[in-house]
Amino acid sequence: MELNGGEIIVQFLKDEGVEYIFGYPGGAVLHIYDALFEQEEVKHILVRHEQGAGHAADGYARATGKPGVVLVTSGPGATNAVTGIATAYMDSIPMVIITGQVSTQFIGSDAFQEVDAVGITRPCVKHNFLVKDVHDLAITLKKAFYVASTGRPGPVVVDVPKNVTDPNVRVPYSYPKEISMRSYNPVVKGHPGQIKKAMDLIVSAKRPMIYTGGGVVLGNASESLTELTRQLGYPITNTLMGLGAYPATDPQFVGMLGMHGTYEANMAMHECDVLIAIGARFDDRVTGDIEKFCPDAKIVHVDIDPSSISKNVRVDVPIVGDVNVVLNDMLKELKTSGAKPDAQALKAWWSQIEQWRSKQCLRYDHTSKLIKPQYVLEKLYEITGGDAYITSDVGQHQMWAAQFYKFDKPRRWINSGGLGTMGFGLPAAIGVQLAHLDAPVACVTGEASIQMCIQELSTAMQYMLPIKVINLNNRYMGMVRQWQEFFYDSRYSHSYMDALPDFVKLAESYGHVGMRIEAPGDVEGALKEAFAMKDRLVFLDFITDQAENVYPMIQAGKGHHEMHLAPECAAPQSAERELA
Amino acid sequence: MRHIISVLLENEAGALSRVAGLFSARGYNIESLTVAPTEDASLSRMTIITRGSDEIIEQITKQLNKLVDVVKLVDLTEGTHIEREMMLIKIQAVGGEQRAEIQRMADIFRGRIIDATDATFTIELTGTGDKLDAFIQAMAQGAIMETVRSGVSGIARGSRSLGL
């Protein structure tokens, strides 16, 4: 069949099985938009700002595992999308971003709405392409989807000059089913010798610790991870990106680790003798001071990306491969060898961990007359039965959501971990809700973050997406305020949010339901009421305690064992009284 | 430690900037970089001279391998290898004695005079970087008008080769 460039893009997306594209039209992509008109198979979601398109496609990808697709115009369309692309890049999210470009004859002439999109995005994409000939369009798109979704996933930009989509130039099109690239062959299977070596070390451990990250979620390896962890009976911690990969309500789960991880997770990291790192990248927020990181541990590291191995922390047994394939091979190896962990040592180790756990490091003041943000999240967890999709923005609310919402399933917790992008939550929730139209979706945010992409309330209205916005409104950029309190002598430089809008009226003006909740006694009722409204977006503006801090906390330059605990935990005697 | 990393990459627009961008974004050193198409027009061969600890060199090779355009690479310093650099140097040469002296030095260093005027010689010289440096040292400092160096090209000794 003969198609023009715009039609090739749309037909290709259909053939590739793309359900939604998130975009915003403009001059350079008008031919493509014309091809999108009056067809139903590829549904276009019109955002209100290109950053929102990136995050929405990203949220869709995180919730489904399928690549998210973005379509934006040249120049400002492309630059606005960059934050969304960089966010996806840092968290290894499969995305394909089609950017319009000025016609090939104008490239380099500083034409209207021209920007070097390939150059600007190069440092924050897995790969990018500039298509100069309509004949290359279909195969390039196929390469883009292939690269984005295989190996360590990531965003891929395809820059398409306007003349490549000229409606008058028709060329033969057939969907390229197969693709092979000589320069791109991700390793899937782990080295059998290394796997054997790893399992020998793992079963010999006296104080083992399993530490897993976003790679387990991305690699759809939750089941095999859960199986292996249960067979071994070892404690497990997840990174911020890895939450949900192992059921948080399981007793072997010791909570998140890192800067705001639990006392028991961080202490177990510090004291362990064998660390089993799976699909995690030893990020600085996880390791704390590298010099003090897991001082006694031999480290096994499974990752699909060879460059992740021994990047920040030297490891003893590296295994490069797809985490799910490697985990299944580890399970096989465990079965064949018949080796059993040291039950006695494990018992002693668990009793040590239980002692750490008994500190109840996430305790907070339940007697306050002010709404404690932690309380809102506990109630959110209860009311949604722990089974909602939770997106978040970035800051204190993000950490509290990670600490207090116990994710039992992967792909339920959707947040910007690597780049830490404020403004991510609401557009991401749009993508998640579209992927799961009937599922409860909540965006946990704060009054600072939400304003960075608040325009997407309009998108949510247009597509009738019943997202629940949980706005923890403390009138501060909470995490900035917390750091200023701790490290800058409470000099709250420009972290106070003055002149806030009336969020209830704002939500209503977009056509949504708004609620303001000011007393702890009203939290539960409001949440129940909101989630009962299954066809409406409800914006819940919780006026919370301004002074609340996220604990535990590891300060920069400190090790896992040097946590700053909440006042409720730091004074054990009074804490025990409170428990009694 | 100084390393010579030889990279075979897709001969595509932007491939060079991906490599250069990687080095600057991650704070790696580039001492010299040369690139040109190979006998297979779809491939380019790049030689990068870099310095770093073993950990950094390991990361550099891994990060280079991760670039989608990179087909294969080898750290030539891991085995025996040959490296060569070419220099074109333009020297003031006036008067019989000075001209004879420069010609003698060019002979000693196995250079070739590839252009001459009544006042200048242009010499082509090939060798390791050290040899080229030594030639520059040997010339009277005020006499050098211009030098152009190609950057290092490298190849493994024996039957080992970097190919598809």
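The crossing of α3(A) and α16(A) is right-handed, a term used when the near helix is turned clockwise from the far one by less than a right angle. The contact is made on one side by residues of α3(A) including Gly52(A), His55(A) and Tyr60(A), and on the other by residues of α16(A) including Pro427(A), Ile430(A) and Leu434(A), where contact requires C-beta atoms, placed from the backbone, to lie within 7 Å. These residues divide into 11 nonpolar, 5 polar and 1 charged, with Ala, Val, Leu, Ile, Met, Phe, Trp, Tyr, Cys and Pro counted as nonpolar, Asp, Glu, Lys and Arg as charged, and the others, Gly among them, as polar.

The model is predicted, so that local features need pLDDT of at least 70 and side-chain atom pairs pLDDT 80 or more, whereas totals for chains, interfaces and linings use all residues. Residues are numbered from 1 along each chain as its sequence is written, and chains are lettered from A and ligands numbered from 1 in the order in which they are written.

Between the chains, 15 residues of chain B are in contact with 12 residues of chain A. The largest share of the chain B side, 5 residues, comes from α2(B), and that side divides into 4 nonpolar, 5 polar and 6 charged residues.

Conventions: Helix = DSSP H or I, 4+ residues; strand = E, 2+ residues; numbered from the N terminus. Contact = placed C-beta atoms within 7 Å.
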